[in-house]
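Welcome! Take a moment to look over the chains below, and then we can walk through them together.

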Amino acid sequence: MGVIERSLSHSEAIVWAGPTSEPLVLPGPGFGLLTNREDDAANAPDAQAPAPVVATAPSPSNGQRALKAFLRNPSGLGALAFLLLVAGIALAAPFLYPDDPLAMVGRPFLWPGQNPEFPLGTDSLGRDVAAGLVWGARISLLVGFTAMALGVSAGIAVGATAGYFGGWIDDALVRLTEVVQTVPSFVLLVVLVAIAQPSITTVTGAIAMVTWPMVARLVRAEFRSLREKDFVTAARAIGSGPVRIILREILPNALSPIIVTASVLVASAILMESALSFLGLGDPNLVSWGSMIGAGRELLRTAWYLTAIPGFAIVLTVLALNLVGDALNDALNPHLSAGR
Amino acid sequence: MSLSRLSGVLRKTLIQAVPTAIGIVILNFLLLQLAPGDAADVMAGEAGAATEETMAMLRKQFGLDLPVLDQLLAYLGHLAQGSLGFSPRYNMPVADLIAQRLPGTLLLMGLSLSLALLLGIALGTVMALNAGRWPDRLISVGSLVFYSVPGFWIGLMLIVLFSVKLGWLPSGGAETIGAGLSGLDSLLDKARHMLLPAASLALFYVAIYARLTRATMLEVASQDFIRTATAKGLTPFHVATRHILRNALLPVTTLAGMHFGGILGGAVVVETVYSWPGLGRLAFEAVMRRDFNVLLGVLLLCSLLVIIVNMVVDLLQAWLDPRIEVR
């Protein structure tokens, strides 16, 4: 939350009206709408926060208020705790299951609970399902977060350049974004990974390559509405260069919709990685939840637990990410969630 | 509602669509040029052995020895004549191959999109009318779960439940092979085969539409004209359906149009799960066999479909909302 806090308090001194973003790409109530702080304080439901009625009372910054709102959201907190648990398990994999998760360790086709040594059973080759699950968490989280970071960075770079400069640069970048966005993204993803040969690097890169347009559109819309604001004009007047204005003035004010999108992007990156691995386009040397499902699929009739267990892991992790995204959205755009 | 305004919208969307389509052709072509190995490599690999001469002959035959720009120009030239090239692997024109598979995919997508819209809007309406109460909370949680489930996994789980355990529905394919059904029986048989794949594909979008319908309905409900409608004595049902829902449908149609590409992508995986003879499966097979002409054709066709659907959505929106002007 540190990032949000810093970035939003930056805008504190400046009064700015809410930029309206393009029609939502993502589900969830009105994305990317921020109003100025005075409005927030005036409209905030009194039940939620004691609004600073006395003008002289020090009011918390937007970031602190968002953090408080997030901490008050039980489902968001629970989801975050679950994600931290998964991350902890993923980090601890070398200690929990030091052996290769692809190694044969027991009798094949042990159902969950049949043998206390293998609580989640073993697969057709006698590999421990629990070990696969733990090591698979590493791949899912690594790919999910790295692809998100790459995609968001590329999206910010393109969207900020297009939105800030406008003109022919904007036209060209919008055209490029549109081309990539028009091609069905999963089909493009399959092609990219097949061309580059499946490995964890190429899978991550390819997911970033199909997801950046979404961020770029969002960032461009924010930048277009923010670049005409007084604080940008002021920064320009005191001689700040475009890079400084983009990174230090506009970007911090456009961050909250980007943060919400980022959390959803991690979820969709994990889903994409699992689908690719399921199709056999994952890294062949690593266990992932998707590849476990792909292997279990052949034995669906006799040993469906091999498909069900890694699937539950995916569903729970993605669900937790979406809940965190929802909570962030509520916390960062408080006036939207009021009364709902 | 004037026809000239609609034609204005059509012209505007066409002007936007053509450069995008050209960009997509070039992008796809360049992308596939980067691929290691070509159709000749694959054929040689499958034959077990091949001399340099045979390889050169194969490449010459498929035009793979020409410079990249010439290959692109040749491809564009063929495209202008409505030909998508020839598939060395399937030994038939790509256009015919795609034409064989396209109806299957369109049928599947159409069914799942209708299913998703119908269920999503219905659930969203229930949620909005009960906002904050238990039906809202319950469906909220349910839709969030739907939203987080990978389509291929729910597909497999549905097979376990409905085909393996209960034995109600077939686990794959498009029809019962060799059953020799005709008329209504054959139609029913096909519907039974479509139910599970369409449901697996639809689930994700049910969640999205339910959430979106709820959010927009609540937004519309707070506007002045709704208060007016209530004040002039309309029944709550009338207000909800004719005034709120109707105005809330606009963003839903926009989003449904934008999801067309996503559903096509989802079809790749779901068609693989259910061995459904469609475009998605064809694309996957083409990637595995390095049949670039087929892959290019599928990619191009998918993208063109998306462009066409977007244009239709634009027109639909202009029709639904007279305030949308030609810019």
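How many helices and strands are there in chain A? Chain A holds 14 helices and zero strands; here helices (H or I, at least four residues) and strands (E, at least two) are DSSP runs, numbered from the N terminus.

Before going further, please note that this is a predicted model, in which local features need pLDDT of at least 70, side-chain atom pairs count only at pLDDT 80 or more, and totals for chains, interfaces and linings use all residues. Residues are numbered from 1 along each chain as its sequence is written, while chains are lettered from A and ligands numbered from 1 in the order in which they are written.

**Confidence**

The model as a whole scores ipTM 0.81 and pTM 0.79. pLDDT is the predictor's confidence in each residue, from 0 to 100.

| Part of chain B | Mean pLDDT |
|---|---|
| Chain B | 78 |
| Helix α2 (residues 39-47), lowest | 64 |
| Helix α5 (residues 94-129), highest | 86 |

In chain B, 87% of the residues reach 70 or more.

**Inside chain A**

Of the 340 residues of chain A, 49% count as buried, that is, with 20 or more other C-beta atoms within 10 Å of their own, the C-beta atoms being placed from the backbone. Two residues are in contact if their C-beta atoms, placed from the backbone, lie within 7 Å. Among the contacts in chain A with a separation of 6 or more, 70% join residues 24 or more positions apart.

**Where the chains meet**

Across the two chains, 38 residues of chain A are in contact with 46 residues of chain B. On the chain A side, α7 (167-182), α8 (185-196), α11 (242-278), α12 (289-297) and α13 (305-332) each supply at least two residues. The most come from α13(A), with nine residues. By class, this side of chain A has 26 nonpolar, seven polar and five charged residues; Ala, Val, Leu, Ile, Met, Phe, Trp, Tyr, Cys and Pro count as nonpolar, Asp, Glu, Lys and Arg as charged, and the others, Gly among them, as polar.

Just after α10(B), B:S275 takes a positive phi of about 35 degrees.

Methods. A residue is buried if 20 or more other C-beta atoms lie within 10 Å of its own, exposed if 12 or fewer, and partly exposed in between; C-beta atoms are placed from the backbone.
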